[in-house]
Amino acid sequence: MATIAVTGHVNLTAASVPPVGEALRALLARYPAPELTGMSCLAPGADTVFADAVLALGGRLMAVLPSADHRARLPEGPDAVAFDRLLGAAAEVEVMPYRRGGTDAYVAANRLLLGRAELLVAVWDGGPGGRPGGTVHAVAAARARGLPVEVVWPAGAARQDPARPATRGRRNRREPGPIDRTPARIRP
């Protein structure tokens with residue numbers, strides 16, 4: 001069984017999606033579909049493109065949601081539609097024990113991803129990092145534990161302005177503590 005987790009930029013440009021998707025499908029095609037499990041937080045950008053690639057190849061998708069409000073934090077539109085579609089296609093869903101998203105929730109989700117994966121795929125331009133729980137921190141944590149990391153950043157890939165929309169930033173300022181210490185399993 002090949003269990004592969006993803007981390008990556010949420011702000012891929014629209015023109016980046018096809019080359020990133022193609023690169024991810026090529027990487028994942030190395031593994032026989034019945035043995036492939038892809039783990040994703042289903043965030044916009046890299047996580048969504050990765051989840052689509054796993055499903056397109058006939059693999060099993062495991063969704064790891066950082067918080068109970070993960071879906072509610074997405075503005076209505078294409079990202080929310082993609083999230084709902086992928087969540088419905090997931091063979092397993094785990095929700096981290098946080099009511100609201102924030103740094104602690106993202107760090108916990110990464111810890112779960114890295115603890116179960118045999119490989120971390122990073123859709124990453126190699127740039128410096130932001131907050132804990134983000135791509136750079138996930139890559140560093142994987143490397144520190146000796147987990148193989150494969151960086152995917154094909155020609156034509158680019159990010160939009162890294163500044164997050166103001167509405168998302170306001171929601172992230174207050175980070176509540178955990179509900180309990182055990183991730184919730186929604187379905188086997």
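Buried means under 20% relative accessible area, exposed means over 50%, and partly exposed lies in between, with a 1.4 Å probe and protein chains only. Arg116 is partly exposed by this scale, with a relative accessible area of 31%. This is a predicted model, where local features need pLDDT of at least 70, side-chain atom pairs count only at pLDDT 80 or more, and totals for chains, interfaces and linings use all residues. Residues are numbered from 1 along each chain as its sequence is written, and side-chain values use heavy atoms, with hydrogens and water left out.

**Overall layout**

- The protein chain holds six helices and seven strands. Helices (H or I, at least four residues) and strands (E, at least two) are DSSP runs, numbered from the N terminus.
- Along the sequence, the pattern reads β-α-β-α-β-α-β-α-β-α-β-α-β.
- The protein chain has 188 residues, of which 46% count as buried.
- Among contacts between residues at least 6 apart in sequence, 80% join residues at least 24 apart. A contact means heavy atoms within 4.5 Å.

**Confidence**

- The average pLDDT of the protein chain is 87, and 86% of the residues score at least 70. pLDDT is the predictor's confidence in each residue, from 0 to 100.
- Residues 164–184 stay under 50 in pLDDT. For this stretch the model has 36 contacts beyond four places in sequence.
- Where pLDDT is low, the predicted coordinates should not be read in detail.

- Helix H2 spans residues 46–56. Eight of its eleven residues are buried, so H2 is largely enclosed by the rest of the structure.
- The buried residues of H2 include Ala46, Asp47, Val49, Phe50 and Val54.
- They pack against strands E1 (2–8), E2 (36–40), E3 (60–65) and E5, and against helices H1 (17–28) and H3 (78–89).
- Gly58 follows H2 and has a positive phi, near 85°.
- Leu42 sits in the loop between E2 and H2. Its phi is also positive, near 60°, in a residue other than glycine.
- Most residues other than glycine have a negative phi.
- Leu42 is buried, with a relative accessible area of 1%.

- Helix H4 has 14 residues and reaches 20 Å from its first C-alpha to its last. That is close to the expected 20 Å at 1.5 Å a residue. The expected span is 1.5 Å times one less than the number of residues.
- Buried residues of H4 include Thr103, Ala105, Asn110 and Leu114.
- The buried residues of H4 pack against E1, E2, E3, E4, E5 and H5.
- Tyr98 lies in the loop between strand E4 (92–95) and helix H4 (103–116). Tyr98 is buried, at a relative accessible area of 9%.
- Tyr98 and Ser67 are 31 residues apart in sequence, yet 4.7 Å apart in space, C-alpha to C-alpha.

**Strands E5 and E6**

- Strand E5 (residues 119–123) and strand E6 (residues 149–152) run parallel, joined by four bridges. Two strands pair if DSSP finds at least two bridges between them.
- Val121 has Glu150 in E6 as its bridge partner.
- E5, helix H5 (residues 135–144) and E6 make a right-handed β-α-β unit. Right-handed means that, with the strands pointing away from the viewer, the path from the first strand over the helix to the second runs clockwise.

**Salt bridges**

- The whole structure has nine salt bridges. A salt bridge is a side-chain nitrogen of Lys or Arg within 4 Å of a carboxyl oxygen of Asp or Glu.
- Arg30 and Glu150 meet in a salt bridge at 2.9 Å, N to O. Arg30 lies in the loop between H1 and E2 and Glu150 in strand E6, so the pair ties together parts that are 120 residues apart in sequence. Glu150 is partly exposed, at 24% relative accessible area.
- Arg116 forms a salt bridge with Glu92, with the closest N and O atoms 4.0 Å apart. Arg116 lies in helix H4 and Glu92 in strand E4, so the pair ties together parts that are 24 residues apart in sequence. Glu92 is buried, at 9% relative accessibility.
- Arg60, Glu92, Glu94 and Arg116 are linked in a network of salt bridges.
- Arg159 and Asp125 meet in a salt bridge at 3.0 Å, N to O.
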